[in-house]
Amino acid sequence: MFAEDNRAFLAEQYDAGRSPERALAARAGNQLLADVGMKVPMLPCHFRIAAAEHAALERATRLLADAQDKVLAHLCATLTADELAAMFEVRPEMAAHVDWPSLPSSGLRMLRADIIPTDTGYWFCELNHFSGVGGGEAYHAAHLHAEVLGRPVTGISPFRQLALQYVTECRRAGLTRVVVLDTPGHRAQGYGQHLLLQQYIRHMAPGIELAYHDELTYPAEWLEAGEARRTLVHRLVTFDDTTDNGVFLARLRACGATLSCMFEAELKMHRRWFALLCDPAHHHLLTAEERAAIEQHVPHTAVVGPADIDAVIADKDRLVFKRSYLYGGKGVLAGDQHTADELRDLLTRDDATWYAQRRVHASTIDLPSPDGTPVPYHLVLGMYLYGDRTSGVVVRGAADSPVVNGSRSAGMTWAFVV
């Protein structure tokens, strides 16, 4: 398994005789992240993952994404737009901009599957269907870390895979401009401008015009039909990060621009999805291999209804509770971290929907803390899937919480396929 397989590899990186190189390597990796606008620090190492394990996780990611598409198509065929909006708790401001008839179509496939490595297997915790999902910069920082350390590695950047998908789409559809679209608020959070993606596009297709804008700086003339129809917009922000409830994005689509993804994709990131995949009522829609992937890789998840409160509280120490429609590790409660009374109050305080998920414990691995003392870090992996292309996995780790997220205190690095 991942942690056990990397302990000897990390021991080589932390050999006492390599201290000066190690310090230079860590500094180089963090400087690269700073240069591309990332405030998330690099973990002071890089990892590896066996080719067979990477291939198995790649296959599982595809199977779960395919299963999700089939269930979504079924829901769209059997429920009205209002019923779908209620199921996924879509706020009216967002529902007004969702193209409900196009919801079943997948469009460009771009996602990062977040995966918890344990001592006995790998368990998926999120499917993030979004063009601006973060962490790809970790590949480049870890690659530089390995080179400076004198242990060069080989791999493929997820930004290369995404750039290739965009360049291919531009050539297919006759698009000649790519705009990376941000908002001022999101930019201030320190997730960067995907400068590395821009570099790949510039080198692969010098004839494509590249620009970085937000809704305040976007040129008005590019909203005219002729200009819009030759533009592909790479979204960096979700609906929650927009400042106008999605109005500008909806205007871009109405003008004829091609968007990397729209609000329809965000519905596929809702926390209800693992409950839907675990529901036997949908399994007749799936292949045997898709059902096996759910059984092997998705912790059992169910909606917590009023009649379920007593049962889930009685079993709280084996469960994690997730509140719907929140990102960045927010709204996640480990049952054993709360008393029964505290948990009951949190689960029933308002009308929010909660999901109870069987808790899986992430493998930990000792890494140096800021003062150099080894401490156990909880790990979460992230596999990028752009079209049919993957590229290794981002590794995020946190010492202070089993809920690992870059918007909190986690650092990141990369696991290269060997």
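This predicted model holds zero disulfides. A disulfide is a covalent bond between the sulfur atoms of two cysteines. To count as a disulfide, the two sulfur atoms would have to be within 2.5 Å.

Let us turn to helix 2, which covers residues 19-35. Which residues of helix 2 are buried? They are Ala 25, Ala 26, Ala 28, Gly 29 and Leu 33. Looking down the helix axis, we find these buried residues within an arc of 160°, so they line one face of helix 2. The face turned away from the buried side carries Pro 20, Arg 27 and Asp 35, which are exposed. Just after the helix, Gly 37 takes a positive phi of about 85°.

What covers the buried residues of helix 2? The covering elements include helix 6 and strand 15. These two elements bring us to the aromatic residues.

The model has nine aromatic pairs. One of them joins Tyr 139 and Trp 414 in an edge-to-face arrangement, with 5.6 Å from centre to centre and 90° between the planes. This pair links distant parts of the chain: Tyr 139 lies in helix 6 (residues 137-149) and Trp 414 in strand 15 (residues 411-417), 275 residues apart. Are the two partners buried or exposed? Tyr 139 has a relative accessibility of 6% and so counts as buried. Trp 414, at 0%, counts as buried as well. Both values fall under the 20% limit for a buried residue. Ring pairs also join Tyr 139 and Trp 414 with Tyr 384, Tyr 386 and Phe 416 in a cluster.

Finally, I draw your attention to two arginines placed over tryptophan rings. The charged end of Arg 177 sits over the ring of Trp 222, at 3.9 Å from the ring centre. In the other case, the ring belongs to Trp 123, and the charged end of Arg 358 sits over it, 4.5 Å from the centre.

Methods. Residues numbered from 1 in each chain as written. Predicted model: local features only at pLDDT ≥ 70, side-chain atom pairs only at ≥ 80, totals over all residues. Heavy atoms only, no water. Phe/Tyr/Trp six-rings, centres within 6.5 Å; stacked < 30°, edge-to-face > 60°. Helix = DSSP H or I, 4+ residues; strand = E, 2+ residues; numbered from the N terminus. Buried < 20%, exposed > 50% of the residue type's maximum accessible area, 1.4 Å probe, protein only. Lys NZ or Arg CZ within 6 Å of the ring centre and 35° of its normal. Expected span 1.5 Å × (residues − 1). Arc of directions from axis to C-beta. Contact = heavy atoms within 4.5 Å.
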